[in-house]
Amino acid sequence: DGGEPDKCDSWIGMNYLFGKPIISRFFTALYWSVTTLTTVGYGDVSAYTDLEKIFAVLMMICGVLGYSTVLGTVSSTLLS
């Protein structure tokens, strides 16, 4: 019909972010991208507040760094 898309048709609408500050939208986008890139997934327990999203992102990054360190150490040990 050529009209405006419904608010629920966008990720902002689906996450109830209309009217929220841009920083909340940023944290939601960051949380989504890090969760997707680290293949952690979205499971039954998800972060909802900005503080939970920041904490989850930091923990995912720490997990990736820890896993990378162990994998690198084992690989270099096997190669030597």
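Does Phe26 count as buried, partly exposed or exposed, and what is the relative accessibility behind that class? At 47% relative accessibility, Phe26 counts as partly exposed; buried means under 20% relative accessible area, exposed over 50%, and partly exposed in between (1.4 Å probe, protein chains only).

This is a predicted model, in which local features need pLDDT of at least 70, side-chain atom pairs count only at pLDDT 80 or more, and totals for chains, interfaces and linings use all residues. Residues are numbered from 1 along each chain as its sequence is written, and side-chain values use heavy atoms, with hydrogens and water left out.

The chain has 3 helices and 0 strands, in the order α-α-α; helices (H or I, at least four residues) and strands (E, at least two) are DSSP runs numbered from the N terminus. Of its 80 residues, 18% count as buried.

A search of the whole structure finds 1 aromatic pair (ring centres within 6.5 Å; stacked under 30 degrees between planes, edge-to-face over 60, the rest tilted). Phe26 and Phe27 form this tilted pair, with 5.7 Å centre to centre and 55° between the planes. Phe27 is buried.

| Residue | Relative accessible area | Class |
|---|---|---|
| Phe26 | 47% | partly exposed |
| Phe27 | 18% | buried |
| Met59 | 42% | partly exposed |

Met59 lies in helix α3, residues 50-79.

Definitions and conventions
Rings of Phe, Tyr and Trp (its six-membered ring) pair if their centres lie within 6.5 Å; planes under 30 degrees apart count as stacked, over 60 as edge-to-face and the rest as tilted.
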